[in-house]
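Welcome! Take a look at the structure first, and then we can walk through some of its details together.

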Amino acid sequence: MRVFRSSLLLAGLLAVSQPLAAQTDDGSWMVRVRALSLTAANKSDAIPSLSVAADKITVSDKIFPEIDISYFFTKRIAAELVLTYPQKHDVELNDTKIGTFYQLPPTLLAQYHFLPTGVIRPYVGAGVNFTLITKDEISVTGVGPLTLSDASVGAAGQVGVDVRVRPGQFLNLDVKKVMIGSDVKAGGNKVSQVHVDPWLISVGYGVRF
C-alpha cells in the first residue's frame with residue numbers, strides 16, 4: 001500500500017510539473033526589437049595646422065531602432081548579432097557643423113546568462129563591432145574636403161537583463177560600450193583621429209522560440 005501511495009504521489013508530481021516545464025522550456029532562438037540611444041564619447045586628436053584643440057571634432061548623438069538575433073548554444077551561453085540600418089550623423093568642429101556621414105555598425109557578441117530559467121535573467125557579453133562608414137560629406141573652410149576611414153573594427157562589451165513577462169516573451173534593458181574610431185584625412189593625409197566610442201543604452205521586447 002505504501003508503494004502504491006508513493007507511486008500515486010510521484011505520478012501526481014509529474015503531472016503537475018509537466019505544464020510548468022513547458023512554460024519554462026525556452027527555445028534556442030531569441031529575437032529582440034529595441035529602441036537605442038547612442039551617446040558618443042567624442043574624443044579627437046588636436047590639429048595644430050588648423051589651430052584645432054583636442055576633442056573639438058564631435059559626432060551627434062542619436063536615437064534609432066535596432067533588431068538583434070540570439071542563438072543559445074546552452075541555457076547559459078549564447079551569441080547575439082545586433083543589426084540596424086545605416087545611421088546619419090552630423091559632424092561639428094568647434095561647435096560648428098562641417099558635414100555629415102553614415103555608419104552601419106553590426107556587432108557580434110558572446111554572452112553568459114546567469115539565471116537562465118528565472119523571471120529576471122541578467123547577462124554579460126563581449127565581442128567585436130564592425131562599422132562601415134559611407135557618404136562622408138565633410139568640408140572645412142580654407143582646408144577643403146575631409147574624408148573618414150571606410151571602416152572601423154573594435155571591441156564591444158555589454159550588460160543587460162531580460163525580464164520574463166509571459167512564456168517566451170521578455171522585456172529587455174541593455175547597455176553596451178563599443179569602440180569605434182576613424183582617421184580624418186585632408187588631401188589624402190591624416191590630420192586627426194576621432195574616437196566615437198559610444199555608450200549604447202536600449203530598451204526593447206524579445207521573443208524566444
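Asn42 is found in the loop between β1 and β2 (43-44); strands here are DSSP runs (E, at least two residues), and helices are runs of H or I with at least four residues, both numbered from the N terminus. With a relative accessibility of 16%, Asn42 counts as buried. Buried means under 20% relative accessible area, exposed means over 50%, and partly exposed is in between (1.4 Å probe, protein chains only).

What does the side chain of Asn42 reach? It reaches the backbone nitrogen of Val59, at 2.7 Å. Beyond its neighbours within four places in sequence, Asn42 is in contact (heavy atoms within 4.5 Å) with Asp55, Ile57, Thr58, Val59, His195 and Val196.

## About the model

This is a predicted model, in which local features need pLDDT of at least 70 and side-chain atom pairs count only at pLDDT 80 or more, while totals for chains, interfaces and linings use all residues. Residues are numbered from 1 along each chain as its sequence is written, and side-chain values use heavy atoms, leaving out hydrogens and water.

## The chain as a whole

The chain has one helix and 15 strands. Of its 209 residues, 36% are buried. Among contacts with a separation of 6 or more, 63% are between residues 24 or more positions apart.

## Aromatic pairs

Searching the whole structure turns up three aromatic pairs. Rings of Phe, Tyr and Trp (its six-membered ring) pair if their centres lie within 6.5 Å; planes under 30 degrees apart count as stacked, over 60 as edge-to-face and the rest as tilted. The ring centres of Trp29 and Tyr71 are 4.8 Å apart and the planes are at 65 degrees, so this pair is edge-to-face. Because Trp29 lies in strand β1 (residues 29-39) and Tyr71 in strand β4 (residues 62-72), the pair ties together parts that are 42 residues apart in sequence. Trp29 is partly exposed at 41% relative accessible area, and Tyr71 is partly exposed at 30%.

Tyr112 and Phe114 also form an edge-to-face pair, because their ring centres are 5.2 Å apart and their planes are at 80 degrees. Ring pairs also link Trp29, Tyr71 and Phe73 into a cluster.

## Charges over rings

Lys135 has its charged end over the ring of Tyr102, 5.0 Å from the centre. Arg208 lies over the face of Phe72, 3.6 Å from the ring centre. A charge sits over a ring if NZ of Lys or CZ of Arg is within 6 Å of the ring centre and within 35 degrees of the ring normal.

Methods: A polar contact is a pair of N or O atoms within 3.5 Å; within protein, one must be able to donate a hydrogen and the other to accept it, and residues adjacent in sequence count only if both atoms are side-chain atoms.
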